[in-house]
Structures are given as structure tokens and as C-alpha cells.
Amino acid sequence: MKDIFLGIDIGSTTVKVVVVDRAKSLLDHRYIRSEGRPRPTLLRAVQDLQPTLEGATIAGVGLTGSGGELIARMIGGNHVNELIAQTRAIGAYYPQARTVIEIGGQDSKFLSTQWDEKSGKMMLVDFSMNALCAAGTGSFLDQQAERLGISIEEEFGSLALQSHNLARIAGRCTVFAKSDMIHLQQKGTPLPDIIAGLCLALARNFKSVIGKGKDFTPPVLFQGGVAYNRGVVRAFETVLGLKPGELIIPNNHPLMAALGTAFVAMDQEVEASLPTFVGFGSLEEAVQASASEQKIMPPLTQSGFPLPTYHATPVALTSLRPNPEQGRLPVYLGIDVGSISTNVVLVDEQARVVARRYLSTQGRPLEAVRQALQEIGAEVGDRVEVRGVGTTGSGRHLTADFVGGDVVRNEITAQARAATVIDPDVDTIFEIGGQDSKYISLDHGAVVDFTMNSACAAGTGSFLEEQADRLNISIKEDFSRLALSTCCPTGLGERCTVFMESDIIHHQQHGASVEQLTAGLAYAIAQNYLNRVVVGRPVGKNIFFQGGVAWNQSVVAAFQELLKRPITVPPHHDVTGAIGSAVLAMEEMQECRARNAETPTRFKGFDLGKVHYETTSFECRACPNLCEVSRVTISGQAPVFYGARCDKFEETGRKSDTHNISAIPDLFAERTRLLLGDYTRPEGGRNGRMRIAIPRAMVFHDLFPYWRTFFQSLDIEVVLSEATNPQIARQALEHAGVETCYPAKLIYGHVLDLIDKEADFVFLPGIVGRENIAPGQKENNYCPYIPASSYLVSAHVDLESKGLRPLRLPIQMRWEKTKKKDLREIARQLGVSVKQVNEADEVASESQRAFYGSVRRRGQEILNSLDGSRFAAVVVGRPYNTSDLGVCQDLPLKLRKLGILPIPMDFLPVDQVDISDQHPNMFWRSGQDILATARIVSSNPHLQAIYVTSFNCGPDSFLLSFFRRIMGTKPFLELEMDEHSADAGIITRCEAFFDSLKMGKGAIA
């Protein structure tokens, strides 16, 4: 009878079991997806291995993974830290490895290893792991493959390798990446490009978030389940710049941790410290008992309010027009192309639904639209006359080009219009779809307040579907039934969807039942929505719940339990966006007829089978923005281009929706010209003058006039990094050593862009405070990331090895004596006299004052010219958020295309406004200007406000509430922007905001 050892790795999504003998030979193994049931899965794996275990003695068992410790206590196994297990296996098989990338279902790890010749063991030199976020892990790849209807094991990697023009996708968060993918699909990006872009985003995310500037010394091992994916393998080779053979995929790459635990068990047997294996009896009892330790929520049916009965059957044509002699029925077509579903409806002139289709988009929006139209055409096409077409949703423009749309409107307006047609007294709309969620408040049919989830899918339908798949239940047939059947829902809280997934795994491993988890998910979706979308806004008494998630009775019950009031799920709730767009098209076309301006519909017909379209994408290199442009060629039409941030490409089919922007002053371009002044980029080779390189980031956007003049006065050349573009953003995200706001990360990319500018120094001042204190204030400070950024960059970018010297020093510009003392350090490092520096300071200070004066004078001219003929929006925020077009996604251009005049915040006379009566000690200078802007905008009927902020901005976490308080009842729009590259959500919010201003008044954020 031979001795064997078991190695068990209980991961977040899979269970791995290996059987090895004393010679460390792998005798057998099992790799099984746990589907939310890790303990029963382990028992099944052991049962499958019985033929190998027969006639052998289990000498010891090692366990690791997120669910290994509890099971180790039950069976008498030895629990091993995952890092130790990985290191042990690496040393046994690949002693030459120096870096290890390990990516599993929910976890990712970076290991730096070194073989120790003296001890004959592999040493763990450094490591890093993802925290409570699953960004860049295998579960997200699984979810996307499932959503796209492709096999993760085979098709995913193969499709990625077919791409030659990878799409750009944000990788900081899996939910953000998912949103990017959806918007790329809506504008027609080829599927292989999207999948390859996802692989690349995952690799870049790992390098920046997990690697955090660490060296990836080859040979590099890539292991874990994700190493099966050839697309991700190629992405890592690209991102890390590895030569052929420097990235190694171990033969048993998904089993390395399990093998390591078995080897550690052997080591401990020699040391007589190995626990005695007692068998799997206790584990079987625990599985049968399903004992659970968890927070319990009230039963979903406790509130006593009735649950909805659903009506989704169109009104029959025979009942609408029973007499065939009356001819074809006039109808209007509405199309809502959403992230998960594509909805198409026909409504008659009383807004009654005649026909409808609700189809899965599946990453192919035009195909879904074509199928829906063909089906509806076959059903009623010969008996109706389409007199107008409206489109909405994130794919609304492309869809309008394809089908011949007459009216293109945003989702907020469409959802609100549908609700008021159904019930004019509705006062609150909850709308939850696949990727987006919306809150709308109405007053007598007018939108008075709205908000949308930002770049996060917390509390949306896609997460419910993913978790149903994980639990191996049907979202349509099983979810509500199971959730409503339990008396003890699991309390999952209201965290981010990715964090929530980790919580579910935790509760599963503690024995929570599927019934408890589904009920907990229903509560979690409702809590996420109320606390992250509604965020304290008023909830009325006549609440409509719209969107696909409203099909789920358990979610309706959760809202009723939490709000203690009934929820109405209207008829056709899942296609209300399409209904609203159809009604809006009807109203606009009828209005044209009432003005005797008969406008025929552009509708191309129900059968678009012969309308051929082809989608390609390319990267425009006409400027540093490097826009990824999709070119859609629809038969019989000029090509349509999507994705460009300028008007270089004519966007056919949108002319009626795009205003004459040449008539609207580009004040942000004017501000940039004033900021740059007489700066000219050095041309040709070096001419013997000293050269200073300045990153076009952070305080550059307000203090460049000072430093430009300062160095020019010292006869020093100045060279700037390029404007923020995708390459700079990529470099920044891969080298940022700490998690900050997006603008603070960008300085890494700008500094790296300066390396080849042939400069002597890189200017990295640690500026603590501004030079001109606001009226009534005591402090005048920058965000601490600004003075800290020079030291953070120097710690993670070795400039001197690249021939650049960092010119680094703290500077307090508020106090003149202190500033002159600080400037002496510049004199010392540059080798110039203190007198020269002082003279340069005088000239530079005057240049900075001239810049402020110029923008104020131009701003006053604009304010004097406002007459209410068009909307004017002050773009509120720090200059590095609002004036860096790469950060704000060229918001000024988007606004001008909508016919709105965007005004930089510092064009307003903020220096004349005293806010000390409400905020006597506003520490941040940016806060002083922002709140002064609120005073000006709130009292000027011709001005609106758009507040631009960034994810992870600490000061804005409270400044926004102060801003809202000063604005009072006047509406404003909040936009959160970062490396999330898709702009459809930004445009939707802007369109909806200004639509709502036309309809009513309220506080919008």
C-alpha cells in the first residue's frame, strides 16, 4: 500500500485537487468549476478520484485558497498561505523563474522569486495581490464571454488573436471595462478588436494595479486558469515587452497552488508537524447541514404590498381598427438599443403598443435591430403605416443611421415620456436595465430631477444575470421563486458589484443556501440603487419601476420592503425606453404637420435584410489624441464615422442633431492660447541653451504663464509634454504607484513622454499653495497630491538613468518672502545667481497676473453678451479636470455640438466673491473658486453649471455637498470622469440635463 498526498485549492470559482506520491509525481487531478457550491464540489472531486485513491494511504492533505482554511479544520488538513504554496511549486518545477503572474477567478497575484543556492529553496522576494476588487481577474472574462455568447475556453482566445486593431478599454475596474465594451459594440467596433482590447486592458491593469511599478524580470511564469487564454498571453507579452520564450506557461499552470500545498504537506511530515488526516466525514455532515453564519434580512414579502402581475401583450390590431376598409393604421416606431437588450415597439396615435420585440443585443446591435424589424414586419407590416421613427439608448445614433430615424433622443427623456403617457400622475421613476440605472423625478409630467449611475454597474441587471449563472439557476424562471420562498435572506449589503460577488463566495463557503443568496441579491440590488443612485433624493408616492429588472418580482418586493410603500410596474415596463422614443417621434412629426411643414419619415422599411453594412475601425493619427474611430459603411450611404473627438470625419446622418458650432465661441481654446502665451516649441537640434521639460499636467493648467516666463527670463528653453492622449494615459496607468484621482496619475505619463525631448531637467515643483488668496479666507492650499506628485513620480520613474535630472523643490507661492527663499533652490540647481532668479520672479509674476486679467476680461465680455438665446454652461472644477481635454473627454466640444456655450470657470469673477459668511476657513483654493462659482451661477439666470470631478477626489467628496447647498433649487449636472474612455454616457447626461431644463426646474446631479 503506497502513501499519497492530496493538494487542494479551494478558489473563488474552481476547486482543484491533485494526488501526488512521495516522488512528487502527479498521479491524478481534478479541476472543476464550483458554481457557487465549493464544498459539495470538493466532495464530488474526491469521489471522482476514488479509482486513484483505492489501495493507497492518504499520508497528508494540504489546502489553500479562499475556502481552504475552514475545510482544513474539518478534515485534518494543513492550511497553507497561497503565496507559500505557489512559491513551493515554482521552486519544484521552475527554479529559473524570477517573476510570477497568477490570475484566477477572483484573485490575482504578482510574485518576485529568487532561487537560494545555499538552502536549495525558492525564496519569495516580493509580492502584491489584488485587494477586495476582482479587477483584471478571470471571473470578468467568464462574464463577458457568457454575455457575448462565445466559449471562454476556445473562441475567446482565438477571436482575440484575429484582431489587428485592438480597441481601447479601461482596465481600472471590471465594471468600467464592461461599460467600455458595451459602448464600443454600440458604435460598431468589430468583436475581435473588442475582445483583444479586453485582454490588453486586463494585462495593463495587472501591470499598473498589481505590479505597481515593480520589475517584471524574465523568465516570467504565467499561471492560473486565465493562462489558458491565448489572447491574454499575447497581451502580457506585448505589455511587458517580452521576447519569445521569456513568458512561460507551466504544464500544470492551474494546479500550481494545489501542488504546492501537497509538497508543503510532505515537508511538514518530515518535520513531524503535519496534522493527522481524519477523512471527509465532517465535511459531508457540514454540507448536509448547510449551517450558515450570516446577517439575516426580513422576508421579502413582509411589507404586505402586492407583487406585480405582468402585462406585455400588445393590443391586437383588430381591436384597434376592426374595419379593414379604414386602411393601414398610422403607427410610430421606437427603438431602444441598450447595453444588454434591444427593444423595438410600434405604437398607434394613442400611444398604445401595437407590436413589440425585446431581444438580446449580444454585442451585435444592428443585427438585433434588423431581426426585430423583420419579425414585426412579418407580424403587422402589411397593415400599418410607419409615420415616424425615434431612437434612444447608447446606440441611438448608429441605429438612426441604419433604420432611417427621424428623432434621436436620450434615455432620460424617453423613459420619462413613456411613464407620463401611461400615468400622468407618476412622480418617481426607478429604471434599471442591464448596465445602466436611472432615477427620474417628475412634476406634472416635467423632469425636475434625474441622475444615472456613473461609470459603475452597481445595482443593475447584468450583475443579477451573472450571479444567477454563477449559482446555476435561471434568472427568468428560478430567481424570484427561490428568493421569495425563504424566510431568512442573506444580508449582502450594498457594495460594488464586484465586491458583492466576493461576499457571495464567502457566504457560499459558509453554507448559505441558494434561496437565501438570491433573496439577499434582490435586497442588495435595491440597496445599491437607493444608496448609490438615488442618494437621498426625494422618492414620491407614485413610483414606477421600469426596465428589464422590473420583471424580477423579488427585486420589486425588496424595494417595497425598504421603502415601505407600493411600487407600480407599468405594462411593457421592459420596453418603456422604446415607447418613449416612439411617442417623442410622433409628437415631433405631428408638430411638423401642424406647422404645415410635412416631413416624410426617413424610415427604410421593416426588411433591412438587403441593407448591407460593414464595420471597421482605425486609429486616427492626425493629432496626439489618437482617437479610435469606427467606420460604418451602410449600403447606399456615405460612410458614417464614430469615435472621433473632432469634426475631421463627417458624421453622416447627424447633421440635423449637430448645431453650427462655428457660431459658438470656443472659450476653452481661447483659454489655452492665453495660457501658452508666446510659448513656441523648440525646433531642430540643441543650440547650447539649457532646456527644461515641463509635464503638461496638474498645475501646468493654471500656473504655466509664470513658469514659462520665469525660465525664458533665465534664457532657458522650455519643452512641454504632448497634450494628454491615449499613449500618455496608458503609460500613466501602468506606472502609477498609488491609487489617486486620474489627473494625479497622468503626471507619470507626461513625465515619461518627456524622456525623449532632449532636456536637461524635468521640472517637478512641489507647489503647496497659490499666490492670490481669496477674499475672507485664511488658507490657500492645493490638494496634497500636487506637492507630493514630484516625489511619487521620482520614486517610480528612474529619470536619471534616462539622462534627465529632476528639478524638485517645495514652493509656497502665497508668501512672497517664503517663495523667494524657495526659489534659491532653483538657482542652486540650475547654476544661476539668486539675483537672476529674483528678477525672473518679478517678470513671471506679472505674466501670471496678465493671464488672470485676460481670462477675466474675456469672461466679462461673454457674460455681458448672454441674452438667454442659448444655454451657457460654466464648466466647474479644477483646471486640470476641465481644461485638460484628455481628462474631460473634450467636454467643451460635446457641449458646443449640442448648441451650448461652455465657459471655463476662471472666466468668471471668482476673485471678487467672498464666501466666508458660509465657509470662513475653506482650506482648498480650488474649493474657494468652486463655491464662488456656485454663488455667481445660482444668481445668474443665463448661466448653468456642470461640475466635473474625478473618481477618488477627496476634496470633492464634501465640496459637492457645499456646492449643492449654495445652488439651492437651481439645477446643475455632475460628471465624474477618469480613464473610463466611453463618452456615450457623458453625452446622454448632458442631453438629458438640458432637456430637463426645458421641461421644468429642479436640482440635478
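In what sense do E16 and E19 pair, and over how many bridges? The views below get there, starting with that sheet. This is a predicted model, in which local features need pLDDT of at least 70 and side-chain atom pairs count only at pLDDT 80 or more, while totals for chains, interfaces and linings use all residues. Residues are numbered from 1 along each chain as its sequence is written, and side-chain values use heavy atoms, with hydrogens and water left out.

**View 1. Four strands make an open sheet in the order E18-E17-E16-E19, with mixed pairing.** E18 and strand E19 (543-546) stand at the edges with a single partner strand each, so one side of each has no neighbour in the sheet. Direction ignored, neighbouring strands here are turned by 15° against each other on average. To settle the opening question, E16 and E19 pair in the parallel sense, over four bridges. Across that pairing, Glu431 stands opposite Gln546 in E19. Helices (H or I, at least four residues) and strands (E, at least two) are DSSP runs, numbered from the N terminus. Two strands pair if DSSP finds at least two bridges between them. As background, strands of a sheet pair through backbone hydrogen bonds, either parallel or antiparallel.

**View 2. Strand E17 (residues 437-443) has antiparallel partners in E16 and E18.** With strand E16 (residues 428-432), the pairing runs over five bridges, and the two form a hairpin with four residues between them. Pick out Glu431 here, and its bridge partner in E17 is Lys438. Six bridges join E17 to strand E18 (residues 446-452); one to look for pairs Tyr439 with Thr451 in E18. E17 and E18 also form a hairpin, this one with two residues between them, and His444 in the turn has a positive phi of about 55°. E17 is mostly covered, with six of its seven residues buried (buried means under 20% relative accessible area, exposed over 50%, partly exposed in between, using a 1.4 Å probe and protein chains only).

View 3. Contact means heavy atoms within 4.5 Å. The axes are lines fitted to C-alpha atoms, for helices over the stretch in contact, and angles run from 0 to 180 degrees between N-to-C directions.

**View 4. Phe110 and Phe216 make an edge-to-face pair.** A pair of aromatic rings is described by the distance of the centres and the angle of the planes. Rings of Phe, Tyr and Trp (its six-membered ring) pair if their centres lie within 6.5 Å; planes under 30 degrees apart count as stacked, over 60 as edge-to-face and the rest as tilted. That rule gives 29 aromatic pairs. For Phe110 and Phe216, the ring centres are 5.0 Å apart and the planes sit at 65°, so the pair is edge-to-face. Phe110 is in strand E7 (residues 108-116) and Phe216 in the loop between helix H8 (191-210) and strand E9 (220-223), so the pair ties together parts 106 residues apart in sequence. Both residues, Phe110 and Phe216, are buried.

**View 5. Ser163 sits in the loop between helix H6 (155-161) and helix H7 (174-186).** Ser163 is buried, at a relative accessible area of 2%. Its side chain makes a polar contact with the side chain of Asp193 at 2.7 Å, and also reaches the backbone nitrogen of Asn165 at 3.4 Å. A polar contact is a pair of N or O atoms within 3.5 Å; within protein, one must be able to donate a hydrogen and the other to accept it, and residues adjacent in sequence count only if both atoms are side-chain atoms. Leaving aside neighbours within four places in sequence, Ser163 touches Pro192, Asp193, Ala196 and Arg234.

**View 6. Lys24 and His572 have positive phi values.** Most residues other than glycine have a negative phi, and most peptide bonds are trans. Lys24, in the loop between strand E2 (14-21) and strand E3 (26-33), has a phi of about 65° and counts as partly exposed at 31% relative accessibility. Its charged end sits over the ring of Phe263, 5.9 Å from the centre (the rule asks for NZ of Lys or CZ of Arg within 6 Å of the ring centre and within 35 degrees of the ring normal). His572, with phi near 60°, lies in the loop between helix H20 (553-563) and helix H21 (576-594) and counts as buried at 9% relative accessibility.
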